[in-house]
Amino acid sequence: MEFLSTLWLGMPLWIWFAFLSTVIAILAFDLGILHKDARTIEISDSLKMSGLYIGLGLAWAAAVYWIYVHYSGTGAVDPQIAAAASPEERGWIAVKLYMTGYLVEKTLAMDNVFIISLIFTYFAVPREYQHRVLFWGILGVIVLRAIMIGLGAALVMEFSWVMYLFAVILLATGIKMLIMVDHQPDIANNPVLRFLKSHMRVTETLHGQAFTVRQIDQNTGKTVLFATPLLLCLILVEIADLVFAIDSVPAIFAITPDPFIVYTSNIFAILGLRALYFALAAMVHRFHYLKYALALVLIFIGAKIFLGDFMFDGKVPASISLAVTGGLLAAGIVFSLFKTRNKNSSN
């Protein structure tokens, strides 16, 4: 079993397996026990599950501290971690980087809720079927993010200039978000949806929780496989995450190039998305100004790549990144709740 001690992307394989096993256990508990039957997720249940997932994400910070104290030394991928004077300092730096990444990814995931809500509304998906779409969507995200983060890590380690490319992407995205904060995507005219409808057999209505069904083709008289609107909904949810990943992956790499922190913060932020969705979808209007804060966070993260070269001897300290990121997001949440305090969900 010596291969389990083999380093892969800066960490022993057994640590990667332990993390993936934890994620699989969480998903199995969620779908296999808590939501094995189709049912409407009430807001109170959503908030309880969201609290549980946020608790798990925060608890993982303790695991990050232990891992980086014992299993990440001078060969660490992140220069701040590698330069730490002691194992304990190394652990705390890793925790600060993880928490910064978790906050950014969690907020980006919350912003994604708005798009998912529009997709569900367009397809008229009942609330009792939405959890199934979100669950399979999350599984797709876990695989997709693993691929993108793996490619990103390889690029960052091979070409240092890629970080500046990420910085430009984040600056452009943040500025665009500020300008188009009130823009609503047109789901009906989405080119991916038009392509799918023109190249796939799709039923007119939903068939329960089924993604595909067998029906008689009116043109041939044969029984063939049809996609249901629920499958199209799932594909659009996955496409939406791919678009958001173009922002979130550069954002987390701009915080730290360490693949383990990048991937674990991503996954823990996304795991609770479907639980949080049912609460946020009902009161997304209450967090309107959070988008402005998120745009400023992306601009800050992009700018700090350049600021680090001129002001901080190569890297903005993890404590400053965490303080600025947390401060901006907290201000966005408080200001949103204050400005919308007299509004209800019907507004």
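Reader: What makes L155, F159, W161, Y164 and L165 a nonpolar surface patch?

Author: In this predicted model, those five residues together make a nonpolar surface patch of about 490 Å². To join a patch, a residue needs over 30% relative accessible area. Take L165, which sits in helix α6, residues 162-179: its relative accessible area is 43%, so it clears that cut-off.

Reader: Is L165 then called exposed or partly exposed?

Author: Partly exposed. Exposed would need over 50% and buried under 20%, so a value of 43% falls in between.

Reader: And why does S50 count as buried?

Author: S50 has 5% relative accessibility, and the cut-off for buried is under 20%, so buried it is. S50 lies in helix α2, residues 43-70, and touches A275 and L276, leaving out residues up to four places away in sequence.

Reader: How do you know that α4 is largely enclosed by the rest of the structure?

Author: Count the buried ones: 29 of the 37 residues of α4 are buried, so the helix is largely enclosed. I119 is among the core members that touch the most others; beyond its sequence neighbours within four places, I119 is in contact with I187, C233, L236, V237 and A240.

Reader: What makes the span of α4 agree with its 37 residues?

Author: At 1.5 Å a residue, α4 should span 54 Å, and its end C-alpha atoms are 52 Å apart, so the two agree. Just after α4, A124 takes a positive phi of about 55°.

Technical notes
Residues are numbered from 1 along each chain as its sequence is written. This is a predicted model: local features need pLDDT of at least 70, side-chain atom pairs count only at pLDDT 80 or more; totals for chains, interfaces and linings use all residues. Side-chain values use heavy atoms; hydrogens and water are left out. Patches are made of residues with over 30% relative accessible area and no salt bridge: like charges are joined within 9 Å, nonpolar side chains (Val, Leu, Ile, Met, Phe, Trp, Tyr) within 5 Å. Accessible areas come from the Shrake-Rupley method with a 1.4 Å probe; for residues, only the protein chains shown count as cover. A salt bridge is a side-chain nitrogen of Lys or Arg within 4 Å of a carboxyl oxygen of Asp or Glu. Helices (H or I, at least four residues) and strands (E, at least two) are DSSP runs, numbered from the N terminus. Buried means under 20% relative accessible area, exposed over 50%, partly exposed in between (1.4 Å probe, protein chains only). A nonpolar core is a set of buried Ala, Val, Leu, Ile, Met, Phe, Trp, Tyr and Cys residues joined through side-chain atoms within 4.5 Å. Contact means heavy atoms within 4.5 Å. The expected span of a helix is 1.5 Å times one less than its number of residues.
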